[in-house]
Structure formats: structure tokens, C-alpha cells
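Visitor: I am new here, and I would like a friendly tour. Could you show me the structure before I ask about it?

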Amino acid sequence: AARFSAAVGEALAVTPVDLLLFPPLVGIDAPDAILDRIEAENEVVCAELVGTAPGPSGIRLQRALEAMLAHAGVPIIRARAWAAHEERAAVMAGRRMHSLARLMYGDAPSPNVIEARAFVLAAGRFIGGGVGGSRPWVEGVLGFPVAAQGEFLERESSAALTRDDPFEAQALFAVGVRVDAEFRPLARDRKPRFENVFAAGD
């Protein structure tokens with residue numbers, strides 16, 4: 001941080017400015033402290049731009065989320081779920097729905113099991129593995145269909161979901177599961193498959 005701040009000071013001596021916008025390279029740990037030091041030692045306002053994924057901003061967010069979960073006593077399991085078991089069929093609003101009772105993860109034939117009253121699906125999109133590149137498009141954990149701009153996708157190519165103009169809305173970056181008013185992911189019949197699975201994300 002000292003060398004970084006000194007280098008900034010040398011550059012400012014040649015070209016004084018009121019605001020410095022850094023690319024996302026201030027580091028993973030304590031970026032605010034580094035920027036505060038540069039501001040204090042060089043009397044200039046500093047900020048860091050957000051880069052594309054993957055980048056330090058995403059890593060910082062992941063670490064912050066994991067720290068919050070650990071502080072709350074929530075265990076973190078680093079594994080991929082590969083099977084789901086349904087049970088307790090119930091009739092809700094005239095439709096028979098199942099509850100997701102448990103998820104299997106780890107290596108077969110002796111997998112681990114997670115049992116819960118409710119599950120939150122928050123697997124992300126392409127980088128997180130929530131949406132794969134296979135066709136037809138499916139969500140990567142429980143196999144829900146994937147939609148873009150309100151319509152379920154089938155075998156559309158990624159290129160078909162983009163526009164040449166970068167300022168236009170890009171359907172590729174808005175793909176995800178559809179949900180009902182209670183944020184339960186929808187099957188292709190546009191009705192929730194599980195009464196106790198909820199989706200989170202953008």
C-alpha cells in the first residue's frame with residue numbers, strides 16, 4: 001500500500017487531478033483501507049471501478065457472505081448436489097404439489113444427505129453453475145426450465161440471445177428460473193413444482 005500510494009503521488013505531481021478512478025486492482029483484502037491511505041497521503045478523492053466477472057469485487061462479496069453465515073452459525077458445505085427426494089404430496093390451490101425433503105451430495109454410493117423444511121435455490125447463473133450451456137436449457141441443481149425475457153428456452157444458441165448493440169438489453173444475461181408470487185420456481189406448465197423451494201437472485 002505504501003509503494004502504491006507513493007506511485008500515485010508521483011503521478012499526481014506531474015498531472016494533478018481531483019478524482020482518481022482505479023481499475024479493479026486494489027486487492028482482495030481491505031481495499032477501503034488502501035484507498036483511504038491514498039486519499040489521505042495525496043489529498044485526492046479515490047474510488048475503484050467494478051470489473052467484469054470473475055474479479056476481486058465478486059471474491060470480496062463471496063468472502064463477506066461466508067463470514068456473515070459463519071457468524072450466524074450457518075454451516076457451509078462445499079459440494080455439488082446431485083439428487084433430490086420428493087415426498088409429502090399436498091393439494092394447494094387445486095394443484096397437487098410435492099415438498100423437497102432432502103438433497104443428496106458427495107460421492108456415490110455413500111452420499112451425504114441434507115434434510116430441511118425448506119430450500120432456497122441461489123445457484124447463480126453461468127459462473128456459479130446455476131445455468132449450464134447444455135441444450136435444452138435447464139437450471140443446474142434441480143433441473144428447472146430456464147427462461148429469458150419471460151419465455152422458457154429450448155435449444156436456442158447463446159448467440160441468439162444477444163444483440164450487436166451493447167447498449168440494448170441482452171437476454172443472455174437475464175436467463176434464469178421463473179417464479180410465482182411466492183418466489184417458488186416454475187415448471188414448464190408455469191406452476192411451482194415444489195411447495196417448499198424458493199429462488200433468490202436477480
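**A strand, its partner and a core**

Visitor: Which residues lie on the covered face of strand S2?

Guide: Keep in mind that this is a predicted model. Strand S2 spans residues 45–48, and its uncovered face holds Val-45 and Ala-47. The covered face has Cys-46 and Glu-48.

Visitor: Which residue of S2 is the bridge partner of Leu-20?

Guide: Strand S1, residues 19–22, runs parallel to S2, and 4 bridges join the two. Together with helix H2 (residues 31–42), these strands make a right-handed β-α-β unit. The bridge partner of Leu-20 in S2 is Cys-46.

Visitor: Which element gives the most residues to the largest nonpolar core?

Guide: That core has 10 residues in all, among them Leu-20, Ile-38 and Cys-46. Helix H1 (2–14), S1 and H2 each give two or more residues to the core. The top contributor, with 3 residues, is H2.

Visitor: How many residues are in the second, separate core?

Guide: Members of this second core include Val-146, Leu-153, Leu-161 and Leu-172.

Technical notes. Residues numbered from 1 in each chain as written. Predicted model: local features only at pLDDT ≥ 70, side-chain atom pairs only at ≥ 80, totals over all residues. Heavy atoms only, no water. Buried < 20%, exposed > 50% of the residue type's maximum accessible area, 1.4 Å probe, protein only. Pairing = 2+ DSSP bridges. Right-handed = clockwise from strand over helix to strand, strands pointing away. Core = buried A, V, L, I, M, F, W, Y, C linked by side-chain atoms within 4.5 Å.
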